[in-house]
Amino acid sequence: MSVVTEAALTGLKAVYDRDGWCEISYRFTEQAVALLKERVTANSQERRPEVVYEKDSDTVRGIHGCHAFDDAFDALVRHPQLVALAEELTGRPVYVYQFKVNLKQAREGAAWPWHQDYAFWSEEDGMPGAHAVNIALSLDDIHEGNGPLVVLPGSHRLGLLDLPEKEQEGGSAWQQHVAVDLAYTVSEERAEKLAAEFGRVLITGKAGTVHAFHPSIVHSSSSNISPDRRALLLITYNAVDNAPENPTRPEFLVTRDSTRVTPVSDDRLGLELLPPA
């Protein structure tokens, strides 16, 4: 059964097109979140290329591409409501381009500098246009102290900013795309000017909350200074006709199969409408 009507989806798209982000009117149930958190814990304990760590540390910073080897995450990317949302916001049929869980462990998780996701997809993978969308699912309660995402609404309309000249053919090492020292960043000075012009929004909410944000929106997140972990699951859906022709980064960062995702319901991944504001 649909949780969000077509009219509501249309309204979300209007907000998304204007601001570059939107909060969705439903969240995943406690049972669904508990299952996904269990899988994050299990996957974090594996030593494999998809698991990356904080700089000079054994603290897990992120897990990539685990929808390819974990059935719960595979079911999540096929969730009918998420697929419908992605196709409404992009206006096109979609496939799963990227999947990751960004983890900020209590009092350890490091910041992400100001950046635009599409810079990586354009410059490294050759994605033709920004016809993709990030769906963000909070697996923990996210608040101001544990390093929430910060977005600059409207900045997605400015195109790519502060792109460096490529030093070598083929771009930078993929490790620079998942670590503190990102290969493509927006300068602090520019970000502060944009924040003064557009404002800034902290993406917070209870575990299970869902947000969407545009590939070109300028965003960052602070270090986790709290005793609470911050786990944020991110699914990037890309338009089928926008798939890069010859990506070279590892498949756990760039899915090669651009077949339109088939929605499949899974009773383990329930949704509930948010209470009225």
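The largest cavity holds about 300 Å³ of space. This is a predicted model, in which local features need pLDDT of at least 70 and side-chain atom pairs count only at pLDDT 80 or more, while totals for chains, interfaces and linings use all residues. Residues are numbered from 1 along each chain as its sequence is written, and side-chain values use heavy atoms, leaving out hydrogens and water.

A cavity is a set of points on a 1 Å grid over the protein atoms alone, where a 1.4 Å probe fits but cannot get out. Points are joined across faces, edges and corners, and the volume is the space filled by probe spheres set on them. The structure has three cavities of 30 Å³ or more. Lining residues have an atom within 4 Å of a point. For the largest cavity there are 23, and Lys100, Asn102, Trp112, His115 and Asp117 are the closest to its centre. Two or more lining residues come from each of E4, strand E5 (112-115), helix H5 (117-123), strand E10 (219-221) and E11. These elements are DSSP runs, numbered from the N terminus: helices are H or I with at least four residues, strands E with at least two. The lining counts 10 nonpolar, nine polar and four charged residues. Here Ala, Val, Leu, Ile, Met, Phe, Trp, Tyr, Cys and Pro are nonpolar, Asp, Glu, Lys and Arg are charged, and the others, Gly among them, are polar.

Next, the largest pocket. A pocket is an open set of points with protein on both sides within 12 Å along at least five of seven lines. This one has about 380 Å³ of space. Its lining has 21 residues, with His67, Arg78, Val96, Thr255 and Asp257 nearest the centre. Helix H3 (71-77) and E4 are the elements that give two or more residues. E4 gives the most, with five. By class, nine lining residues are nonpolar, six polar and six charged.

E4 also belongs to an open sheet of eight strands, in the order E2-E3-E4-E11-E6-E9-E1-E12, with antiparallel pairing. Strands pair if DSSP finds at least two bridges between them. Strand E2 (51-53) and strand E12 (271-273) are the edges; each has a single partner strand, so one side of each lacks a neighbour in the sheet. Neighbouring strands are turned by 25° against each other on average, direction ignored.

Look now at E9. Four bridges tie strand E1 (residues 21-28) to strand E9 (residues 209-213). Arg27 stands opposite Thr209, and Cys22 has Ala212 as its bridge partner. Four bridges also join E6 to E9, again antiparallel, with Ala136 opposite His211. Five of the five residues of E9 are buried, so the strand is largely enclosed by the rest of the structure. Buried means under 20% relative accessible area, with a 1.4 Å probe and protein chains only. Thr209, His211 and Phe213 point one way, Val210 and Ala212 the other.

Helix H4 (residues 80-90) lies across E1, E4, E6, E9, strand E11 (230-239) and E12, at about 140° to E6. Axes are lines fitted to C-alpha atoms, for helices over the stretch in contact, and angles run from 0 to 180 degrees between N-to-C directions; contact means heavy atoms within 4.5 Å. Eight of the 11 residues of H4 are buried, so the helix is largely enclosed by the rest of the structure. Among them are Leu82, Leu85, Ala86 and Leu89. Just after H4, Gly91 takes a positive phi of about 75°.

Key: Buried < 20%, exposed > 50% of the residue type's maximum accessible area, 1.4 Å probe, protein only.
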